[in-house]
Amino acid sequence: MSRENSLVTAQWVEDNLDTDGVVLIEVDEDTTAYDKGHIRGAIKLDWTTDLQDQVRRDFVNKEQFEALLSGRGVSNDDTVVLYGGNNNWFAAYAYWYFKLYGHEDVKLLDGGRKKWELDSRELTDELPTRAKASYTAQEQDPSIRAFRDEVVAAIGTQNLVDVRSPDEYAGRLLAPAHLPQEQAQRAGHIPTSVNVPWSKNANDDGTFKSDEELTALYDEVGFDTGKDTIALCRIGERSSLTWFVLTELLGRKNVKNYDGSWTEYGSLVGVPVALGDEPGSADGKGN
């Protein structure tokens, strides 16, 4: 992958607002942001209700995803352009989600909603109308999603990249202050994981840093390009953005996102936990 295949600029989006086969989708942490104003023609996906099973802690299944996109008028051959607030935090989560179900042509608006607003480009509250489509999803791609047993086995053997804030990583904070409902039973981090906060991937205007800057960011913490990698955060949304950077921008192979993340790992019985600002040892001691 490359920037040309996975990112579009705000100007490209403005130039293609009326292009057939281009579907804009806004996905925000603040699920009311779209309703206050959005890019003309964009549809909304609510990550809490559209992308999450409402009974089990899991994604909507293949059939539910097909019904969702069919109902919103998205076809398999559409170019899907995702954007959202907070440096594309949840837009990147949706991007990973589309890839998980095999959508080929999906991109992020570089800088997301922040860049669009900084450019003073038009927002509207007019809701688009799209004819229903017939969408067929692929089975989930297990090569980009990690589960807890893989994560435990990866301690000391793979790159584990924890993208939460330094205070969450060290165990000084269980969850971001505005998200207290998404806490684990214990604070800390997975032993041998390194801390590269997700926000370091972006410039002040929300666009992604250059490939050279991103490479230096991961080299600085000893990222081993010869090993497989698992990214994690709290529930898998911030780590989706890091997965995007490593896989789609830097072309790293064998990178998975652990969407169970710390809310799952930090509640498991008997697994090792490290505290403090250092990665800790593979045996869970010495931290």
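Below is a short exchange on ring contacts and strand pairing in a predicted model.

User: What do the values rest on?
Analyst: In this predicted model, local features need pLDDT of at least 70 and side-chain atom pairs count only at pLDDT 80 or more, while totals for chains, interfaces and linings use all residues. Residues are numbered from 1 along each chain as its sequence is written, and side-chain values use heavy atoms, leaving out hydrogens and water.

User: Why is the pair of Phe-65 and Tyr-101 called stacked?
Analyst: Rings of Phe, Tyr and Trp (its six-membered ring) pair if their centres lie within 6.5 Å; planes under 30 degrees apart count as stacked, over 60 as edge-to-face and the rest as tilted. The centres of Phe-65 and Tyr-101 are 4.8 Å apart and the planes are at 20 degrees, so the pair is stacked.

User: What makes the pair of Phe-65 and Phe-98 edge-to-face?
Analyst: The centres lie 5.4 Å apart, with 80 degrees between the planes. Phe-65 and Phe-98 are both buried, that is, under 20% relative accessible area, with exposed over 50% and partly exposed in between (1.4 Å probe, protein chains only).

User: How do you know that the charged end of Arg-121 sits over the ring of Trp-116?
Analyst: The test asks for NZ of Lys or CZ of Arg within 6 Å of the ring centre and within 35 degrees of the ring normal. Arg-121 meets it over Trp-116, at 5.6 Å from the ring centre.

User: What makes β6 and β7 a pair?
Analyst: Two strands pair if DSSP finds at least two bridges between them. Two bridges join β6 (residues 159-162) to β7, and the strands run parallel. Val-161 has Val-194 in β7 as its bridge partner.

Note on methods:
Helix = DSSP H or I, 4+ residues; strand = E, 2+ residues; numbered from the N terminus.
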